[in-house]
Structures are given as structure tokens and as C-alpha cells.
Amino acid sequence: MAQTRKKYQRILLMRMHSPLIGKVKHPHHVYPPLPLKYMEALLRRDGGYEVKLIDSWLPSEAGEDLVGKVKAWSPDVSILMANPVDSQAAFEFGTEIKKEDGCFLVAVGQEVGLNLESFLSATSPFDVALPGESEVEVLSLVNRLNSRGPEKVRALYRSSSNGLKPFSVNDADGLPFPTYDRSEIDSYCFSSYPLRMKKKARWGFVLSSRGCPYGCYFCSPIMRKTYGAKVRTRSAENVADEIEHLMSLGINVISFEDDDLTARREHVLSLCREIRKRKLKINWISHARIDELDPPLMKEMKEAGCILLRLGVETGSERVLKLFRKNPRGKNWEETCKAVFAEARRLGIATNALVIIGSPGETRQEVEATIRLTLALDPDLIQVHFFTLYPGSPAYDEYKDRLPRDEISKMHHYNLPLVNLSRLSQEELWELRSLFYKRFFLRPSFVLKHIYHYGIFYIQNPKVFRQLSKVTGIL
């Protein structure tokens with residue numbers, strides 16, 4: 001009698017808990033695992049599968065017996081999303097839930113592409129590891145499990161593992177929109193970004209493009225939301241449809257999660273025109289490269305609802321700037337920064353300046369030059385990062401011999417670097433970051449302007465004020 005093939009219908013998606021959550025004193029955000037959210041939507045829409053998503057970054061999952069919770073739900077397929085900082089937890093968790101008979105275990109996330117051999121080793125609990133943008137491939141994998149069975153699927157994906165290229169999403173318009181329940185909308189937010197709006201912020205997160213054409217020295221896949229150098233844009237109509245979908249859920253501010261929203265100028269312009277054409281009353285924020293902005297483009301962005309730009313100033317040192325490969329167009333960096341920040345002020349777009357200290361060979365004088373430049377730009381907010389050797393970055397490739405692999409899970413750009421490549425001691429780096437924040441936040445002019453722009457917002461969003469006030473703990 002022929003054996004009935006097992007059906008794979010219950011699909012678990014899980015973002016692993018980072019051991020650093022709760023150990024970083026600096027304010028930081030909890031944003032949704034967009035790859036898993038896309039998988040969730042695809043598996044439900046195109047496969048009709050029963051899907052459960054557990055995000056252990058959320059406070060609601062803290063302290064939960066997640067292994068017991070997963071085993072009680074008894075998934076047929078478990079898909080774990082791991083980064084280098086939590087990959088060990090993924091292996092340990094995967095080993096525990098693998099003990100359940102018939103659970104097919106899949107690894108996705110940034111760490112997979114960086115350490116594929118480990119995920120497919122003889123001691124790994126994972127049946128399959130999918131590097132790159134695996135949202136679409138996960139649906140194909142589960143469909144194959146139901147049509148071919150686990151052994152053939154395991155062999156199919158492992159047979160090409162030595163030369164397996166990262167998967168890539170090239171038709172993002174074909175993806176269903178992620179959806180969120182009320183608790184997720186309340187939990188996912190940029191909780192330390194005050195906004196120039198006078199109501200409670202309800203955040204939505206959108207990827208309008210994928211890929212980044214630049215190769216900055218410090219940039220790692222760990223810190224990016226998408227993969228690859230090839231920029232792939234969604235149509236303006238499709239993005240606007242998703243914005244309307246999110247607005248129907250009660251969202252009133254959008255964070256564009258693109259690695260570089262302004263990488264394709266025409267994409268930004270067409271998106272702004274579509275938002276205005278539909279008369280969407282939505283505020284939004286995004287990352288943007290300083291050397292890609294100019295007054296006409298910024299004016300279009302402002303008129304379409306842009307209220308905050310996160311801008312990578314990085315450094316005030318010409319030497320460090322060259323090391324970072326941050327200025328490929330060869331512009332006068334200081335003057336370019338000053339022009340963009342001044343135009344943002346003129347238009348009423350808030351700015352958040354992102355800077356890095358502790359870079360290879362950096363001196364106290366170079367850090368102080370970064371402080372002077374940042375103060376001269378007069379942004380609304382600043383974020384000061386320590387130079388961190390994240391795997392996958394050009395910097396990591398150069399200095400990885402100094403960083404034991406088992407120490408990677410302890411790294412965070414808001415904590416002192418495990419490998420200090422600057423000419424400063426750890427104590428001096430900590431002191432300089434404290435000095436940076438003191439000189440910025442304790443200026444009377446800053447305090448007065450900040451209260452003027454954000455006082456009402458803080459009344460409506462006290463959580464943001466409490467989160468941002470954590471900076472005082474490192475002053």
C-alpha cells in the first residue's frame with residue numbers, strides 16, 4: 001500500500017531574539033522583519049497556507065517559552081531569520097524544535113549568505129539555507145515539499161550549495177503587501193524619532209526599491225534591508241497602493257526602508273508625483289545620500305509629505321571620508337553637507353545626522369572635526385555610531401583576523417568596539433561620544449527650537465520622549 005505523503009501546511013516564521021536586546025543603553029528602534037512579513041503574505045495569498053509569525057524582538061514575546069510555544073503549535077515547516085549577532089541562538093533554537101518529528105527547518109537572513117557552509121554543515125539542524133532575498137523562494141520551497149517530499153527538496157537545494165548565488169527579488173510589484181494587526185502597529189516604530197506632527201504617530205514601513213550601487217567601507221549586509229548592488233524599483237503606482245493599504249490600517253507616517261531611496265532620481269520624482277496625484281495625506285521619512293540631493297528634488301519630496309531625512313554625514317575628516325569611499329563624485333563634502341542641511345531647514349524638512357567615530361587610524365582631532373561639522377549643520381537630531389567591523393563589509397574583510405568569530409554576537413555600533421582601530425583608547429572614545437552629545441543636546445538654541453518643533457508631539461507620544469531621554473544616560 002502506497003504511503004501517504006505528509007502535507008506541509010503549517011508554516012512558522014520567526015525572527016530570532018538578539019542577545020543584545022536590552023543590553024544596549026543607547027536609544028534604538030524595533031522595526032518589522034520585512035522579509036518575513038512578505039513571506040507571510042505570499043504563503044497566505046498564493047499557497048493558502050496556515051502561517052504563524054513570531055517576532056522575538058517584540059516586548060510581548062520577551063520572557064516567553066518560545067520553544068514550548070512553537071512545539072505546541074506544531075509547525076510542519078519552521079523558517080528562522082538570523083543575523084550574525086543572533087545566529088548561535090538560531091542554531092540552538094533550531095536544534096530544540098528539530099526534535100519534533102517532521103519539522104522541516106529553513107534558515108534565512110543576512111547571516112546565511114555570509115556563512116552558508118555553517119548552516120549546511122553536518123552538525124547544523126537546518127535542512128535548507130536560503131541566502132539573499134528569499135521571500136519568493138520560500139513559497140517555491142514549501143510548494144516543492146508538498147509535491148516532491150523533504151528528501152528531494154533537501155537534495156535539490158543542497159546540491160547547488162557550493163555555488164548557490166543569493167536569491168533576488170526582481171519583480172517587487174508582484175509581491176502582496178505585508179499586513180499588520182493592531183499590536184504590531186503599536187509595537188513597530190522609530191521610537192526615538194520625534195516628528196513635526198501634532199498627533200500620535202502610527203508607523204508603517206515600506207520598501208520602494210531594493211539594492212544599493214555603492215560600496216561604502218563600513219557597510220555590511222547586516223545593516224541593510226535588501227541585497228545586491230543592482231537597484232530594482234517598484235512602480236510608483238504600486239508603492240502608492242501600499243501606502244493606501246497601510247493608511248486603511250490607521251498608519252499616518254511611513255518610513256521608507258530603502259537602503260538608498262534617492263539612488264534613482266526618477267523613481268523618487270515619480271513616487272512624489274503619484275502621492276500628490278492621489279492627494280494622499282501622509283507624512284514620511286527616509287534615508288537619503290547627501291550627494292544625491294538638490295533643491296528641486298527636495299522640494300518635490302517636501303510637497304509629497306517628507307518630514308524627516310536621515311542623512312549619513314559620517315565624518316568631518318577628509319582622510320576618513322576617503323577611507324569610507326563615501327564621496328565618489330568628488331564633491332566638496334563640507335560645502336555639500338551645509339547646502340543640503342540649509343535647504344532642508346528652508347523647506348521645513350527635519351534632519352537626522354548620522355556620524356561614525358573610532359574609524360581606522362582616527363585621531364582626537366578628526367573626531368573633533370566631525371563634531372564641529374555636525375554642529376555647523378544644525379540638524380534636528382544626531383546619532384553617533386562607533387565604527388564596527390560587521391561581517392560582509394570591506395572593513396571586515398580587511399581586519400577580520402583581529403576579530404574571533406565567536407565574538408561577533410557581542411558587537412553593536414552603539415557599544416564600544418570589540419576591535420578598536422582608531423588611535424584613541426576605549427575610554428577616550430566613550431568620552432568623545434559623550435562630549436559629542438553634550439555639545440549638541442545641551443545648547444540653549446537647540447533646546448528652544450526643539451521644544452518649539454516637537455513639544456506637542458511629545459505630549460501626544462510620551463514614549464518617544466522617554467526613549468530619546470536615554471541619551472542622557474551616556475552624556
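Tutor: Leu 195 touches Ala 201, Trp 203, Val 253, Ile 285, Ile 307, Leu 308, Tyr 454 and Phe 457, leaving aside residues up to four places away in sequence; a contact here means heavy atoms within 4.5 Å. The model is predicted: local features need pLDDT of at least 70 and side-chain atom pairs count only at pLDDT 80 or more, while totals for chains, interfaces and linings use all residues. Residues are numbered from 1 along each chain as its sequence is written, and side-chain values use heavy atoms, with hydrogens and water left out.

Leu 195 belongs to the largest nonpolar core, which has 111 residues, and is listed with Leu 141 and Trp 284 as having the most contacts inside it. Such a core is a set of buried Ala, Val, Leu, Ile, Met, Phe, Trp, Tyr and Cys residues joined through side-chain atoms within 4.5 Å. Buried means under 20% relative accessible area, exposed over 50%, and partly exposed in between (1.4 Å probe, protein chains only). A second, separate core of 21 residues includes Met 14, Ile 54, Ile 97 and Phe 126. In soluble globular proteins, nonpolar side chains tend to be buried together.

For the protein as a whole, buried residues make up 58% of the 475. Among contacts between residues at least 6 apart in sequence, 77% join residues at least 24 apart. The C-alpha atoms fill a box of roughly 80 × 55 × 40 Å along the principal axes.
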